[in-house]
Amino acid sequence: MTAPLHGVKVVDLATLFAGPLAAAFLGDFGADVIKVEHPAKPDPSRGHGPAKDGVGLWWKVLGRNKRTITLNLSDPQGAELLRRLLADADVLVENFRPGTLERWGLGPDELHAVNPRLVIARISGFGQIGPYAPRPGFGTLAEAMSGFAAATGEPDGPPTLPPFGLADSVTALAAAYAVMLALRGRDRTGAGQVVDLAIIEPIMAMLGPQITWYDQLGYVQPRLGNRSNNNAPRNTYRCADGRWVAVSTSAQSIAERVLRLVGRPELVDEPWFASGSGRAAHADELDAAVGAWVAQRDLDEVVAAFEAAQAAVAPVYDVRDILADPQYAALGTVVTVPDEELGEVRMQNVPFRMSSSPGEIRHAGRRHGQDTDEVFRALGLDERALAALRERGVI
């Protein structure tokens, strides 16, 4: 079975999270992704988070399905080698601070002169234009500036940041989508283009109608903790065994089933119960009703009762629960991937299933520069040339 992106060549110059993850998504569906790292300064993600026997585990996920080479782009010979590498490439993913590639003679105009069909995905904190464009930018800043942190956390607590790369991950999905649109456009026009992604934007697109609310009503989304101002009960509740469940009642019928289940059917007849906003205004009363019922039962009993009542509930999982869950097992959400350094590594699988052309994680992230010689031999460099470049620090 031929993968949908088989034959698509992607050169990944990006570091850390958003760009490399976008390239990984393309590699999951068959693209030949060549990861370029500095000879002396590997992608920092190799050193982020826990490691086993000195091997960074985050990199194993971000570097999956990629060949790895080293190249010093600030050296003129390195820049020339990149041009040769891109001459038949389809996609370039980069996240240098705006102006850096131009300074090295590798801006879009120069690269499109070499390969007019090249799609160039440029990922930066604040985009390629505007007063903030030169600033260094990371996902944390996007989570702050997008409105996410301001709306996250308890009402009387501080703005809250996620403990993982949320903005980077959302940007990675947006970037992979944008690249596919650009490739589709190239099918019609024959020409590549530049995709400009500012990390501050995709996460804002996921935050719902906050701008429209403010534009039309002057309404600013407050921090609500686990509650919602659109419906109630909507919260997490602690069970008798110390485990937690999450309950959602976005649909009116579900809200009615939940309150009947927990023994408070009289609340369903209250006039305010007939709308989500009305229920949200009485969240204290509804939370007390649901919370008291849940607190008297172990998690398994709570989940079974909710399921029997066709009411929406989910246990609050940590990673141990995920790995033991039969639904995730049925979906194949976690996959065991071969790895030369660690033997086997478990990680999240491709996040969706396709009936005719599924994605696949073929291997975890490879060693720094593992495929350098193979890639550059394909460009015509012999052993003497490779040795000279390595001696100079170009590769």
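A salt bridge is a side-chain nitrogen of Lys or Arg within 4 Å of a carboxyl oxygen of Asp or Glu. By that rule, a search of the whole structure finds 28 salt bridges. The model shown in these figures is predicted.

Figure 1. The C-alpha trace spans about 85 × 50 × 40 Å along its principal axes. Of the 395 residues, 43% are buried. The accessible surface comes to about 19,800 Å², and carbon and sulfur atoms account for 54% of that surface. Among contacts with a separation of 6 or more, 67% are between residues 24 or more positions apart.

**Figure 2. The protein is divided into two parts, domain 1 and domain 2.** Domain 1 takes in residues 9–206 and 354–392, while domain 2 covers 234–316. The C-alpha centres of these domains lie 44 Å apart.

**Figure 3. The largest nonpolar core has 49 residues.** In soluble globular proteins, nonpolar side chains tend to be buried together. Inside this core, V10 and V91 have the most contacts. The elements α1 (18–28), β6 (91–94), β7 (119–124), α7 (166–189), β8 (194–198) and β13 (343–348) each supply at least two core residues. Helix α7 gives the largest share, ten residues. Leaving out residues up to four places away in sequence, V91 touches V8, K9, V10, V11, L118, V119, V179 and L183.

**Figure 4. D32 and R67 form a salt bridge between two strands.** The N to O distance is 2.7 Å. D32 lies in strand β2 (residues 32–37) and R67 in strand β5, so the pair ties together parts that are 35 residues apart in sequence. With a relative accessible area of 30%, D32 is partly exposed. R67 is also partly exposed, at 24%.

**Figure 5. E341 and K60 form a salt bridge between distant parts of the chain.** Their closest N and O atoms are 2.5 Å apart. E341 sits in the loop between β12 (334–339) and β13, and K60 sits in helix α2 (residues 57–62), 281 residues apart. E341 has 37%, which is between 20% and 50%, so E341 counts as partly exposed.

**Figure 6. R122 and E94 form a buried salt bridge pair.** The closest N and O atoms of R122 and E94 are 2.5 Å apart. R122 is in strand β7 and E94 is in strand β6, so the pair ties together parts that are 28 residues apart in sequence. R122 has a relative accessibility of 4%, and E94 has 0%.

**Figure 7. D12, K35, D43 and K66 are linked by salt bridges.** The four residues form a network.

**Figure 8. T70 is a buried residue in a strand.** The strand is β5 (residues 66–70). The relative accessible area of T70 is 7%. Apart from residues up to four places away in sequence, T70 touches E37, H38, P39, H368, G369, T372, F376, V394 and I395.

**Figure 9. Y317, Y328 and L331 form a nonpolar patch on the surface.** Together the three residues have about 230 Å² of accessible area. One of them, Y328, is in helix α15 (residues 326–331). Y328 is partly exposed, with 31% relative accessibility.

Notes
Residues numbered from 1 in each chain as written. Predicted model: local features only at pLDDT ≥ 70, side-chain atom pairs only at ≥ 80, totals over all residues. Heavy atoms only, no water. Helix = DSSP H or I, 4+ residues; strand = E, 2+ residues; numbered from the N terminus. Buried < 20%, exposed > 50% of the residue type's maximum accessible area, 1.4 Å probe, protein only. Contact = heavy atoms within 4.5 Å. Domains from an automatic or database assignment. Patch = residues over 30% accessible without salt bridge, like charges linked within 9 Å, V, L, I, M, F, W, Y side chains within 5 Å. Areas by Shrake-Rupley, 256 points an atom, 1.4 Å probe, with all protein chains shown as cover. Core = buried A, V, L, I, M, F, W, Y, C linked by side-chain atoms within 4.5 Å.
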